[in-house]
Amino acid sequence: MIQLVDGLTDRAGNLEPRRIYPDQLAPIIRNGAKGPELVKARWGMPSPHSVLRTELDPA
């Protein structure tokens, strides 16, 4: 990713290749204050209302 984006700041550290699943840390590129930066972020999608037991999505 670093080679693909000019001016990318690496804030993710040493990342080993692996599969990425929801609710786990994964590398993303975001717009930082000084330009694009590579960081780790937890990602996923909220559960549909039909499977929730309460109003809040259990984490």
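1. A residue is called buried under 20% relative accessible area, exposed over 50%, and partly exposed in between (1.4 Å probe, protein chains only). At 42% relative accessibility, Arg30 therefore counts as partly exposed.

2. A word on the basis of these notes: this is a predicted model, in which local features need pLDDT of at least 70 and side-chain atom pairs count only at pLDDT 80 or more, while totals for chains, interfaces and linings use all residues. Residues are numbered from 1 along each chain as its sequence is written, and side-chain values use heavy atoms, with hydrogens and water left out.

3. On the overall fold, the protein has three strands and zero helices, in the order β-β-β along the sequence. Both element types are DSSP runs numbered from the N terminus: helices are H or I with at least four residues, strands E with at least two. Strand β2 covers residues 25-32 and includes Arg30.

4. Now to the neighbours of Arg30. Leaving aside residues up to four places away in sequence, Arg30 touches Gly35, Pro36, Glu37 and Val39, where contact means heavy atoms within 4.5 Å. With Glu37 there is also a side-chain to side-chain polar contact at 2.7 Å; the term stands for a pair of N or O atoms within 3.5 Å, where within protein one must be able to donate a hydrogen and the other to accept it, and residues adjacent in sequence count only if both atoms are side-chain atoms.

5. For the protein as a whole, buried residues make up 14% of the 59 residues. Of the contacts between residues at least 6 apart in sequence, 34% join residues at least 24 apart.
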